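Thanks for coming, everyone. Please have a look at the structure on the screen, and then I'll take you through two parts of it.

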Amino acid sequence: MANSSEDLNGFMEGVRKRSPGETEFHQAVQEVAATILPYIADKPVYKEAMILERMTEPDRTISFRVTWQDDAGNVRVNRGYRVQFNNSIGPYKGGIRFHPSVTQSVLKFLGFEQTFKNSLTQLPMGGGKGGADFNPKGKSEAEIMRFCQAFMTELSKYVGPDIDVPAGDIGVGGREIGFMFGQYKRMTNRFNGVLTGKGREFGGSLLRPEATGYGAVYMLEDMLHTKGNEIDGKRAVISGSGNVATHAAEKIIHRGGTVLTLSDSGGFIYDKDGITLERLQWIKDLKEKRRGRIEEYATEFGAEFHAGTRPWNIPCDVALPCATQNEINADEAAALIKNGCMAVSEGANMPTTIDGINNYLEAKILYAPSKAANAGGVATSGLEMSQNAAHISWKEEELSKLLRDIMHNIHAACVEYGDQGGGYVDYMKGANIAGFRKVADAMLAFGAI
Ligand code: NDP
């Protein structure tokens, strides 16, 4: 019998052959396969049914032209996508990203990860992801609206409340969801839960904007508790300044921690005294209303701004990467560990490279991978779907308790499958196996399809 590293190399060779050049997708699959192949080595039922091979091939990948007009009347063309990865345990569910770096590879990695993440929430949601290589920066409100309408005109053929329910992601917030929902409604004459992250006035759930960032802090909190530690008094380094980062920062402050940094693609700000709730509100306004740059914070409040670089060399107790994929490389992971960082909770998707993750695992710090740490967002989207289907809306206290319970349960599932003995939990292994089992068992029940 081949050993597990030979198994992994052979498996990855097949993935690379089927999806040439899709490096982000290969990375996400490798991270999962490294723990799932040993897990299924003595479980022939999964191997004979080729479950992992099937789980690494999307059900379908749709790509389409998005034609729109800018304010000057020029015709512009972008490429839109929806990757419907796996609907074994529920309708496809996952965000839409508008960013110039969007490719099929990026969306396949995100859709693959989403399948495991959604399974971890224990809610009935399959995995999908979509987006376009459209750059919202510098576009007028009218241009954003026209792009969203053109994008939804095509996407509407493939989505629906029991088929595929997209949400927001990088570059897609409440404003864009509103434009897309409006267009879907206009085209289909249906008012239903086709999107989540909607405004409160038209079927959105309370707590959805906060859920991803808050959830990542709840995961951090549960991990620290296993070591008898609290967030209170800890110094946190956070990247990003969008939806996930600002709400993670907010919850850290609520819990008595100090937030030292936030960032955007221009660089990071370092506020030695800690970003206060008032200053955080200023950042939210800067980003959501004025669409400004994080650098302006440094001028406004006299903090440091470090251009063109990331915050991982700032000494801290805990780190929350909340911007984008591969934003912590091996050297940056090593710097975090060297400077005393005891826990990393990933708000962004796949923010750490494989070599960076290996550094966390070797140092045995507390490390919550994105599919576990940022699952609170999609979990609350699942709750929005339930509210829409039942034509009701739950109160904030109910939703808050549900979110806290879901994150506790995800933490517990990671511990169940990732406990290595001697007080060490490999949360990545735990999340991969716990997420895999439910989807795999559903696929077995369906036979060879
Ligand atoms: P936003 O668009 O609200 O914010 C993204 C932030 O990350 C911005 O500050 C942006 O800076 C920065 N950023 C994006 N790309 C890059 C880059 N290539 N280099 C440096 N900085 C970058 O997105 P979200 O907060 O919604 O998403 C952040 C991460 O969280 C993503 O990985 C997303 O997939 C993940 N996530 C989001 C969920 C949600 O509910 N929204 C749910 C689960 C995961 P700038 O403005 O300069 O581009």
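First, a word on classes: Ala, Val, Leu, Ile, Met, Phe, Trp, Tyr, Cys and Pro count as nonpolar, Asp, Glu, Lys and Arg as charged, and the others, Gly among them, as polar. Keep in mind that this is a predicted model.

Let's start with the ligand. How is the shell around the ligand made up by class? It has 13 polar, 6 charged and 5 nonpolar residues. Of those 24 residues, the ones that come nearest are D169, T212, S265, R293 and N349.

Now some distances. R293 has a polar side-chain atom 2.7 Å from an oxygen atom of the ligand. For N349, a polar side-chain atom lies 2.8 Å from a ligand oxygen atom. For R97, the corresponding distance is 2.9 Å. Alone, the ligand exposes 890 Å², and the protein buries 83% of that.

On to the helices. Two packed helices are described by the angle between their axes and the distance between the axes. Take α5, residues 104-120, and α17, residues 427-446. They pack at about 85°, with axes 8 Å apart. Angles of 65 to 115 degrees count as roughly perpendicular, so α5 and α17 are roughly perpendicular to each other.

Who makes the contact? From α5, T115, F116, S119 and L120. From α17, A431, N432, A434, G435, F436, K438 and V439. By class, that contact has 6 nonpolar, 4 polar and 1 charged residues.

How values were computed: Residues are numbered from 1 along each chain as its sequence is written. This is a predicted model: local features need pLDDT of at least 70, side-chain atom pairs count only at pLDDT 80 or more; totals for chains, interfaces and linings use all residues. Side-chain values use heavy atoms; hydrogens and water are left out. Axes are lines fitted to C-alpha atoms, for helices over the stretch in contact, and angles run from 0 to 180 degrees between N-to-C directions. Helices (H or I, at least four residues) and strands (E, at least two) are DSSP runs, numbered from the N terminus. Angles under 35 degrees count as roughly parallel, over 145 as roughly antiparallel, 65 to 115 as roughly perpendicular and the rest as oblique. Contact means heavy atoms within 4.5 Å. A residue is near a molecule or strand if one of its heavy atoms lies within 4 Å of it. A polar contact is a pair of N or O atoms within 3.5 Å; within protein, one must be able to donate a hydrogen and the other to accept it, and residues adjacent in sequence count only if both atoms are side-chain atoms. Accessible areas come from the Shrake-Rupley method with a 1.4 Å probe; for residues, only the protein chains shown count as cover.
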